[in-house]
Amino acid sequence: MLNRLVKIFTSLRLTVVLLAFGIVLVFVGTVAQADEGLYQAQFRYFKHWLVWGITFFGHRLPVALPGGYLLGTLLLINLVAAHVQRFEWGWKKLGIQLAHTGVILLLVGQLATDLLSHETVLRFLEGETKSYSESPRGYELALVSDAAADLEEVVAIPGRLMTKGAEFKHANLPFTVRVADAWRNSEISFRAPMQEHAAPLTTNGVARHFDFHHAADTSSMDEKDIPTAILEFVTPERSLGTWVASGWSGDRETIANVREGYRRRAGPQMADSIAEKLAASQAITVAGKVFSFALRPGRVYYRFSLTLLNATHSVYAGTDIPKDFRSRVRLQNPQTGEDREVEIYMNSPLRYGGLTFYQYQMDAGETVASAGRVPSSALQVVRNPGWLTPYAGCFIVALGLGIQFMTHLVGFVSRKRA
Amino acid sequence: MSLSLHLSSGRWPRLLVAFLLSTALTGCGGDEIKVYRVPKEKATEVAVQAGALPEGHPEIGGLAQPRLVWKKPEGWNEAKASEMRVASFNVKTADGKQADVSIIPLPGTAGGDATNVNRWRGQVGLASLSPEELKKTAEAVEIAGQRAELYDLSGQAPSTGEAARILGVIQHRDGTAWFFKMTGGEALVAAEKPRFVEFLKSLQFQVAEAQPQLPPAHPPISGTATAAPTASSLDGKPTWQVPAGWREIPGGEFLVAKFTIAGEGGAQAAVNVSMSGGDGGGLLANVNRWRVQQLGLPAWYDADLKKETRSMEIEGGKAVLVELSGTDARTGQLARLVGVVVPRTGQTWFYKLMGDPKVVAGHKDEFARFVQTVKY
């Protein structure tokens, strides 16, 4: 039985079958992006072990497919097993061995990148200092309380765990968080007096001024799902009430967009008033301790800080074609005493503390200055411990193939001469 | 010499289990509750951009701009208007030199002339001047019968070190600051200056033909003219009586209210209620938005508006009622639209009944009565 298993896992047939499934999966997963959206399709087809039900040119088909994780893992097992099974040490085989090792490194490296890499975004206005970046799509329920005069303690519950009926207890929280309902995507509308005949979701906090509705998941690449959760905080003695925590009110960028929408139609004063209500902090008090909470983009904190000194958007002389986006930042690390200025622009990222900061977006230049806005910049922050493996893998494969080719060439030439 | 390595079959299960276990474990990361201590955040974040506009700055893009008409000078190419520009041109020479011409209207004083001219001076490496000194450097030009100031600024672009020149013109007209600007290399702009001045003289503002479209930078909005209530409506607590058979549904971020009316055989119509500060862009602009964008009809002129709309009595004043028939741009089906625009002090309310022609015809009177019952 075991011998049979070994035979299967070391067979070339398995490799061919897996590669065939790989082709089918890539095709189906790519086509599905049109209906399911890029991120959802990538997640469902390539970042899963099994795919149940596929979307094919708008049709939902009850088909099961091996997911990207399963195919990758089986290919890796197949390759390693075959490699180990047929391993023979000898100079003649060196090229083949190296080429296989390189491919294994590529597969392992890709798995490591998938599991360990992180992409977040750091947005700041000129003059602003930040020591964290935010997830572009993921949210977290942050429960924040005072820890010291200038420190706060954050208990962050990942948004993915916020599902209807879920309960969260934590040693640092004197209460339980119950999720009465949760929507992965939601819409918001301001509760104008004329609409108040329908009861608000709750009579606490932001829900007094805004209605939140469930919305279908977005399939557009330009939009993101904005989640909303209805939460109840409960101590062993009593309930602290039901509250709404929403990505609409926990994200500065989203609030700015809502304000901009209202500014055009209702004037700046009303827009500011609505935005203020949306951004207002929500908090509960337990035994004299205040816990504020928000469903905000997931954060990654650093041990250093970056201050945006200057955001420059220059254009080619005599045109409005962008020439250069450039952020001048001050990097300060209290632990090492570092304090220096860095320029980040295209193809010249800042690499620091295991992170790479790329110039990503910018709201600066003459239009921004004319409109009286404060220039701002966004940096894409990438953490990828496995970033060298593709380079190393490709190098080893190339070296192996080179050796293999040269070995044959030298042998052939020698035989011909003889 | 060769060395063969064959694993005994007893080692396979252990290897496999170890691999799968490590994969499974690493795959579960990132979904746990985290606790961390960080420096306290300042609570002023959100207010930063709110206060960014100068005090008393009117809203951007919310005003109906007059349409500009010009005579394009020879050798200029009209470019796509982008961002806040209402018009854009470029001038190219055979040796690859370029100059850019832009027209940007901004409400109010747009931060003041001195701030803007000094920003331009900075772009050609010139030092800032006081408002009095700047006045002395201005040349007077006339645009559509009104005075404007032209600033001819010559220097070196700090980014490239090349000789650069800006011709910047500011005219204040009906509460809007109009910026006409030519930027480019010193020699090209100097050569183009007479044509630029001729271009300015050719400009005309056609107020009667208000824009049928939303401003270029306007965010996508569903439904009809859209809004949030102003302070007065919050205090005034308007109320209404919803007719039987109307079903209220969420209207989205910008609608005050939305109702659906079901007809026979799945036919439907919808009522949208929205409100804008001020005149909401004007009656003509809004009616033309309904006509052009929602019903695929040609835009009306002022004269058509007077001819085709009628006045309607409402609580404490008069409203304008318009009836239109066309093809729903979203569904491709025939559609009818009844719109009522209610001007009030400092705000304008828009009521729109649109959908299947039969359903609209059947509920038209009910809709009118509904609008009449609203108490602001």
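**Confidence, then a helix and a sheet**

A: Chain B has a mean pLDDT of 75, with 72% of its residues at 70 or more; pLDDT is the predictor's per-residue confidence, from 0 to 100. This is a predicted model: local features need pLDDT of at least 70, side-chain atom pairs count only at pLDDT 80 or more, and totals for chains, interfaces and linings use all residues. Residues are numbered from 1 along each chain as its sequence is written, while chains are lettered from A and ligands numbered from 1 in the order written.

Q: Where in chain B is confidence lowest, and where highest?
A: Lowest in helix 6 (residues 231–236) of chain B, at a mean of 34, and highest in helix 9 (residues 357–373) of chain B, at 92. Helices (H or I, at least four residues) and strands (E, at least two) are DSSP runs, numbered from the N terminus.

Q: ipTM and pTM?
A: ipTM is 0.72 and pTM 0.55.

Q: OK, helix 7 of chain B. Why does its span agree with its 13 residues?
A: At 1.5 Å a residue, helix 7 (residues 283–295) of chain B should span 18 Å, and its end C-alpha atoms are 17 Å apart. The expected span is 1.5 Å times one less than the number of residues.

Q: Switching to chain A, what is the strand order in the open sheet of four strands?
A: The order is 7-8-11-12, with antiparallel pairing. Strands pair if DSSP finds at least two bridges between them. Strand 7 (167–168) and strand 12 (239–246) of chain A are the edge strands.
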